[in-house]
Amino acid sequence: VWSTVPAGPPDPILGVTEAFKADKDPRKINLGVGAYRDENGKPYVLNAVKKAEETLAKQNPDKEYLPITGLPEFTASAAKLAYGADSVPLKEGRVAVTQSISGTGALRIGGAFLGRFYPHVKTIYLPVPSWGNHTPIFRDSGLEVKGYRYFDKKTVGLDFEGLKEDLRAAPEKAIVLLHACAHNPTGVDPTPEQWKEISDIIKEKQLFPFFDMAYQGFASGNTTRDAFAVRYFVEQGHQVAVSQSFAKNMGLYGERVGAFSLVTSSPEERARVDSQLKIVIRPMYSNPPLHGARIASTILRDEQLYGLWESEVKHMADRIIQMRDRLYDNLVSQNTPGEWNHIKKQIGMFSFTGLTQPQTKALAEKAHIYMTADGRISMAGLNGKNIDYFSESVSKAVKG
Ligand code: PMP
């Protein structure tokens with residue numbers, strides 16, 4: 001039956017992990033995968049999560065199905081985290097929100113909803129480059145996918161002029177995907193001033209802003225600061241869509257906890273949107289998983305656990321920033337040719353190093369260091385034990 005099915009290409013990021021696993025050298029380092037690692041290079045379960053699980057175990061809750069749009073306490077708390085407790089549309093009951101299978105599921109629900117109901121041009125503009133899964137998610141949702149300039153290879157920073165030109169040249173009312181903070185893969189974010197200009201252009205052209213917020217808290221260590229763009233846009237009257245993930249900021253990767261929300265113009269409109277979100281979700285997976293949403297909502301609703309969580313998010317973000325500083329200092333003190341300021345300036349889990357494909361290949365073959373072919377490294381894979389070996393190896397690879 002399946003003789004005509006062609007073999008698909010392997011996933012570029014998971015392929016890096018395969019190569020890493022097959023390498024037997026004790027010095028090997030995997031900087032491919034976007035998951036936080038502690039000072040010893042180990043996966044990290046947050047204490048806030050462990051405590052929430054203890055609390056939940058004592059409550060001995062049942063395992064009944066959740067409603068189609070998920071755990072109501074969770075969705076209410078997630079929306080508050082994204083939009084802020086004082087958000088006007090939240091207070092007015094104008095935000096439609098549903099639980100999702102983490103960030104990927106949120107983007108897919110959003111894509112499917114827009115594909116079905118967005119009344120204007122069904123084209124979504126993604127930053128170039130963007131997270132590799134964005135294109136297939138939105139294409140499979142029935143949207144046309146195009147790009148807007150984002151990254152400038154020469155400055156290893158934001159191509160702000162290119163971005164503005166491309167948004168201005170997009171058809172009116174097209175959909176624009178924005179990374180709310182800690183842009184993946186580049187680690188390059190607009191400044192607050194630049195966000196304001198982007199908001200103005202989006203307003204002028206009546207574009208539809210769809211925020212992907214996969215790293216709230218992870219960029220600066222502060223969930224409020226990282227929500228700046230989303231909250232500013234909402235204050236400016238944009239009816240945004242927001243995808244949230246609790247994979248990184250709560251370390252709940254495999255629990256698949258996320259939320260998708262849409263700001264509507266009235267509670268009555270919200271109720272209609274809610275009803276259609278259910279009709280989008282029901283045939284996809286019927287209803288979402290329970291455990292992770294209970295963990296996240298326990299943390300978000302308990303003052304003490306919330307405080308503990310905030311301190312742990314900050315700890316993770318600070319450790320990554322520390323690694324950026326050390327990597328920069330090492331590269332400079334080893335007289336590595338080139339300009340390395342971007343390592344310190346970039347934000348969040350990833351750094352776009354500017355290393356070329358031959359250099360990343362040499363690092364894998366000669367130094368047992370694995371990263372994606374575009375030179376992106378997960379800063380969280382670096383720690384006190386491997387940072388010096390990593391810096392020396394990069395320095396050697398660049399010197400050739
Ligand atoms: N958006 C971006 C920009 C991401 O980097 C990721 C995770 N790599 C996601 C969404 C979704 O991740 P998840 O489905 O694990 O929440």
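Helix α5 (residues 102–117) gives the most to the shell around the ligand, contributing three residues. The model discussed here is a predicted one. Around the ligand there are 13 residues, of which Ser102, Gly103, Thr104, Ala214 and Ser245 come nearest.

Seven strands form an open sheet with mixed pairing, in the order β2-β10-β9-β8-β7-β3-β4. Its edge strands are β2 (95–101) and β4 (144–149), each of which pairs on one side only. On average, and with direction ignored, neighbouring strands of this sheet are turned by 25° against each other. Within the sheet, β9 (residues 241–245) and β10 (residues 257–263) pair in the antiparallel sense over five bridges. Here Gln244 stands opposite Ala259 in β10.

Helix α5 lies across β2, β7 (175–179), β8 (208–213), β9 and β10, and runs at about 160° to β9. Helix α7 (residues 160–169) packs on the sheet as well, where α7 touches β4 and β7, and its direction makes about 140° with that of β4.

Helix α12 (residues 291–301) packs with helix α13 (residues 303–333) at an angle of about 100°, and their axes are 5 Å apart. With that angle, α12 is roughly perpendicular to α13. On the α12 side the contact is made by Thr298, Ile299 and Leu300, and on the α13 side by Leu305, Tyr306 and Trp309. The residues of this contact divide into five nonpolar and one polar, with no charged residue.

Key:
Residues are numbered from 1 along each chain as its sequence is written. This is a predicted model: local features need pLDDT of at least 70, side-chain atom pairs count only at pLDDT 80 or more; totals for chains, interfaces and linings use all residues. Axes are lines fitted to C-alpha atoms, for helices over the stretch in contact, and angles run from 0 to 180 degrees between N-to-C directions. Helices (H or I, at least four residues) and strands (E, at least two) are DSSP runs, numbered from the N terminus. Angles under 35 degrees count as roughly parallel, over 145 as roughly antiparallel, 65 to 115 as roughly perpendicular and the rest as oblique. Two residues are in contact if their C-beta atoms, placed from the backbone, lie within 7 Å. Ala, Val, Leu, Ile, Met, Phe, Trp, Tyr, Cys and Pro count as nonpolar, Asp, Glu, Lys and Arg as charged, and the others, Gly among them, as polar. A residue is near a molecule or strand if its C-beta atom, placed from the backbone, lies within 6 Å of it. Two strands pair if DSSP finds at least two bridges between them.
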